[in-house]
Amino acid sequence: MEASRPYPARTGIDPALLSLETALCLAHDRNPTEARQLAATKMVRIAPEQRTPIVEERAREVIGALPSGAASGPTVREPREILALPPGRM
């Protein structure tokens, strides 16, 4: 949650990007389970019109930041499956 601390509640910054930034921090802190869960939850709950290329790219960065070995295991299966779906089909 440290990634979102510097931002006031209403900054105009995309909340999905902030959540994915938090997931990225978790991945860097070697907490792949929490990182995966946060990224997957955010991607499932995001409105189709908010699922922009930058949001999808940030989710891919979360997957890529997972510890060695975790990027190909069940830890990332769900986020990858979600990203493979077209917007609005989750």
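Biologist: What makes Pro 32, Ala 35, Arg 36, Ala 39, Ala 40 and Met 43 of helix 2 a set?

Modeller: In this predicted model, they are the buried residues of helix 2. Buried here means under 20% relative accessible area.

Biologist: How do you know which side of helix 2 they are on?

Modeller: They cover an arc of only 120° around the axis, so they sit on the same side of helix 2.

Biologist: What makes the span of helix 2 close to the expected one?

Modeller: Helix 2 has 14 residues. Its first and last C-alpha atoms are 20 Å apart, and 20 Å is expected at 1.5 Å a residue.

Biologist: Why are helix 1 and helix 3 called roughly parallel?

Modeller: Their axes cross at roughly 10°. Angles under 35 degrees count as roughly parallel, and therefore the term applies to helix 1 and helix 3. The two axes come within 8 Å. Among the residues making the contact are Leu 20 and Leu 24 of helix 1 and Val 55 and Val 62 of helix 3.

Biologist: Which residues have the most contacts inside the largest nonpolar core?

Modeller: Leu 20, Ala 35, Met 43, Val 55 and Val 62, in a core of 19 residues. Helices 1, 2, 3 and 4 each supply at least two of its residues. Helix 1 gives the most, with six.

Biologist: Pro 15 lies in helix 1 too. Is Pro 15 buried or exposed?

Modeller: Its relative accessible area is 54%. The cut-off for exposed is over 50%, so Pro 15 is exposed. The C-alpha atoms of Pro 15 and Lys 42 are separated by 9.4 Å, although these residues are 27 apart along the chain.

Definitions and conventions: Residues are numbered from 1 along each chain as its sequence is written. This is a predicted model: local features need pLDDT of at least 70, side-chain atom pairs count only at pLDDT 80 or more; totals for chains, interfaces and linings use all residues. Side-chain values use heavy atoms; hydrogens and water are left out. A nonpolar core is a set of buried Ala, Val, Leu, Ile, Met, Phe, Trp, Tyr and Cys residues joined through side-chain atoms within 4.5 Å. Buried means under 20% relative accessible area, exposed over 50%, partly exposed in between (1.4 Å probe, protein chains only). Helices (H or I, at least four residues) and strands (E, at least two) are DSSP runs, numbered from the N terminus. The expected span of a helix is 1.5 Å times one less than its number of residues. The arc is that of the directions from the helix axis to the C-beta atoms. Axes are lines fitted to C-alpha atoms, for helices over the stretch in contact, and angles run from 0 to 180 degrees between N-to-C directions. Angles under 35 degrees count as roughly parallel, over 145 as roughly antiparallel, 65 to 115 as roughly perpendicular and the rest as oblique. Contact means heavy atoms within 4.5 Å.
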